[in-house]
Amino acid sequence: MLITDLDNTLYDWVGFFATAFAAMVDELQVLLGIGRDDLLGEFKEVHQRVGDSEQPFAVLMLPVVHARFGARPAGEIIAELSPALHAFNAARNEHLRLYPGVGEALAELDRRGTVIVGHTEAMSANAWYRLVKLGIAHHFSRLYCLESDYQGHPIAGRHEQLAPPPDVLRTVPRSERKPNPELLRDICAAEGVSASDALYVGDSISRDVKMAQDAGVTSAWAEYGRHHEAWQWDLLVSISHWTDEDVRREEALRDQSGDVRPDHVLARYDEVLPLFDPARALPPAGG
């Protein structure tokens, strides 16, 4: 079984999201008459309140939007801010692309009968939308997403159109966030596959590789997923939902994972294919 991370493993999430967010912010500054730093500060407050930096329509929760539009219906506010939302969508459509080898690898593994499972800490609506948009959703037998308080699309009926099929989606409790190895053990048990017969691919040594190895699952590090432009990362930090406690937790994880070595290092995603060659068994985790 292949268990694969999504963001920055199958596609460049940092690159496309930061670019799209920046395009939206440029338009919002004009529409709302607010400075960039103040606007980013309001987004950060909203993201920390909801616990997610990719909250759909977070713009509707901004104090400056409430001050401008009051209690007007969400649909009317969305119409007023449509230039900004369209700017986000246009940039996302341009920059959301699979990394080299991803589509080919998933198609080939699917053809061979490999069980392909997605795992992400993104909310399900966002994760599923990207898999569908990129034309790879049909390769996944299951998608495991972190539980979320997201209430759905503000316009009635749209949430159902974006939600993953019930038989595909599985919700992971927040107590099993990366790098908790119980997460992967539970996924393997739910899918009826031994941990020793599973491979986990992800872009983070401290979260993905360490979790896999602690769970007895073979690990593959998508090292290409760590390369981003500095301005993109800086923008995401400025609007991050992470609290100071979250930052300290991440720093502690990195310190603890200093000696972690992935079982495999991938320069391209399709380098997973030889690892599923029927004539070649996966090496034991840590081997």
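What follows is a tour of a predicted model, from the whole chain down to single residues.

**The whole chain**

Start with the cartoon view of the protein chain, which has twelve helices and seven strands. Colour by accessibility next: of the 287 residues, 49% count as buried. For contacts between residues at least 6 apart in sequence, 75% join residues at least 24 apart.

**Helix 1 and its aromatic residues**

Select helix 1, residues 13-32, and show the side chains of W13 and F17. A search of the whole structure finds six aromatic pairs. The ring centres of W13 and F17 are 4.9 Å apart and the planes lie at 10°, so this pair is stacked. Both residues sit in helix 1, four residues apart, which is about one turn of the helix. Are W13 and F17 buried or exposed? Both are buried, and for F17 the relative accessibility is 4%.

The rings of F17 and F21 have centres 5.8 Å apart with planes at 40°, so the pair counts as tilted. F17 and F21 are also four residues apart in helix 1, or about one helical turn. F21 has a relative accessibility of 2% and is therefore buried, the cut-off being under 20%.

N8 is not a glycine, yet its phi is positive, at about 65°. N8 counts as buried, with 9% relative accessibility.

**Helix 2 and helix 11**

Select helix 2 (residues 36-50) and helix 11 (residues 230-238) together. Their axes come within 9 Å and cross at roughly 60°. That angle makes helix 2 oblique to helix 11. Which residues meet here? From helix 2 they are R36, L40 and K44; from helix 11 they are L235, V237 and S238.

Stay on helix 2 and pick E42, which is found there. This residue is buried, at 18% relative accessibility. Leaving aside neighbours within four places in sequence, E42 is in contact with I34, L62, P63 and V64. Draw a distance from E42 to A58 as well: the C-alpha atoms are 9.9 Å apart, for a separation of 16 residues in sequence.

**Helix 6, seen down its axis**

Move to helix 6, residues 102-112, and show V102, A105, L106 and L109, the buried residues of this helix. Turn the view to look down the axis: the buried residues fall within an arc of 95°, so they line one face of helix 6. What do they pack against? They pack against strand 1 (2-5) and strand 2 (116-120). On the face turned away from the buried side, look for E104 and R111, which are exposed.

**A137, in a loop**

Select A137, in the loop between helix 7 (124-133) and strand 3 (142-146). A137 is buried, with a relative accessible area of 10%. Apart from neighbours within four places in sequence, A137 is in contact with W128, L131 and V132. A127 lies ten residues away along the chain, and its C-alpha atom is 9.8 Å from that of A137.

**A cis peptide bond**

Go on to P179, in the loop between strand 4 (169-172) and helix 9 (181-191). Show the backbone here: the peptide bond that joins K178 and P179 is cis, with omega about 5°.

**Two cysteines to finish**

Finally, select C145 and C188. C145 is buried, with a relative accessible area of 2%, and C188 is buried too, at 3% relative accessibility. A disulfide is a covalent bond between the sulfur atoms of two cysteines. How many disulfides does the structure hold? It holds zero.

Notes:
Residues are numbered from 1 along each chain as its sequence is written. This is a predicted model: local features need pLDDT of at least 70, side-chain atom pairs count only at pLDDT 80 or more; totals for chains, interfaces and linings use all residues. Side-chain values use heavy atoms; hydrogens and water are left out. A disulfide is a pair of cysteine sulfur atoms within 2.5 Å. Buried means under 20% relative accessible area, exposed over 50%, partly exposed in between (1.4 Å probe, protein chains only). Helices (H or I, at least four residues) and strands (E, at least two) are DSSP runs, numbered from the N terminus. The arc is that of the directions from the helix axis to the C-beta atoms. Contact means heavy atoms within 4.5 Å. Rings of Phe, Tyr and Trp (its six-membered ring) pair if their centres lie within 6.5 Å; planes under 30 degrees apart count as stacked, over 60 as edge-to-face and the rest as tilted. Axes are lines fitted to C-alpha atoms, for helices over the stretch in contact, and angles run from 0 to 180 degrees between N-to-C directions. Angles under 35 degrees count as roughly parallel, over 145 as roughly antiparallel, 65 to 115 as roughly perpendicular and the rest as oblique.
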